[in-house]
Amino acid sequence: MGAKLSDTDDLSENHDINITPFIDVMLVLLIIFMVAAPLSTVDIPVELPVAVAEPPTRPEKPVFITIQEDLSLSVGEVGITLDELVMEVGIATMLKRDTRLYIRADASVPYGELIKVMNMLSSDGYLKVGLVGLDPASAGPEAAEAAGALPPTPPAAAPSAE
């Protein structure tokens with residue numbers, strides 16, 4: 001509305017901006033950009049070379065830290081406690097802080113326990129820590145299904161007793 005009624009019958013001017021045409025123009029521009037955006041993409045045919053990367057070489061004697069289901073630790077084949085972790089890893093790596101360590105943890109180990117082990121290693125200077133997992137394709141259908149790579153198989157139908 002362009003006028004405001006007051007107590008008197010005189011019409012006074014209203015100085016507020018009428019934004020209805022502005023909204024109409026913005027909606028039209030939005031539609032134009034929505035239609036024009038997919039048309040403005042440029043497809044340039046490029047034949048990219050195939051990159052064949054060799055898998056990284058595995059160290060001849062990797063250092064594995066294993067966290068079992070009952071939260072017991074072991075470095076290699078030696079069973080240890082959490083307090084002995086840094087000392088035993090130092091022995092296994094001959095105090096070479098740039099040695100890559102591999103942590104294997106049971107699937108039921110709480111995340112906090114895994115992080116506690118990683119924090120102890122990083123505070124001692126071991127920054128190259130890798131996590132070991134099963135490859136679902138090579139582990140078999142049960143492990144692949146548990147990892148979420150395959151859809152779950154339906155249970156076998158029970159024989160009906162008639």
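In strand E7, Leu 131 is the bridge partner of Ile 103. Three bridges tie E6 to E7 (residues 129–131), and the two run parallel. Strands here are DSSP runs of E with at least two residues, and helices are runs of H or I with at least four, numbered from the N terminus; two strands count as paired if DSSP finds at least two bridges between them. This is a predicted model, with local features needing pLDDT of at least 70 and side-chain atom pairs counted only at pLDDT 80 or more, while totals for chains, interfaces and linings use all residues. Residue numbers start from 1 along each chain as its sequence is written, and side-chain values use heavy atoms, leaving out hydrogens and water.

E6 (residues 101–105) is also joined to E3 (residues 63–67), in parallel and by five bridges. Opposite Arg 104 in E6 sits Thr 66. Zooming out, the open sheet has five strands, ordered E5-E4-E3-E6-E7, with mixed pairing. E5 (78–80) and E7 are the edge strands, each pairing on one side only. Neighbouring strands are turned by 25 degrees against each other on average, direction ignored; axes are lines fitted to C-alpha atoms, for helices over the stretch in contact, and angles run from 0 to 180 degrees between N-to-C directions.

As for the helix, H3 (residues 111–123) makes a β-α-β unit with E6 and E7, and this unit is right-handed (with the strands pointing away from the viewer, the path from the first strand over the helix to the second runs clockwise). H3 lies across E3, E4 (73–75), E6 and E7, at about 165 degrees to E6, where contact means heavy atoms within 4.5 Å.
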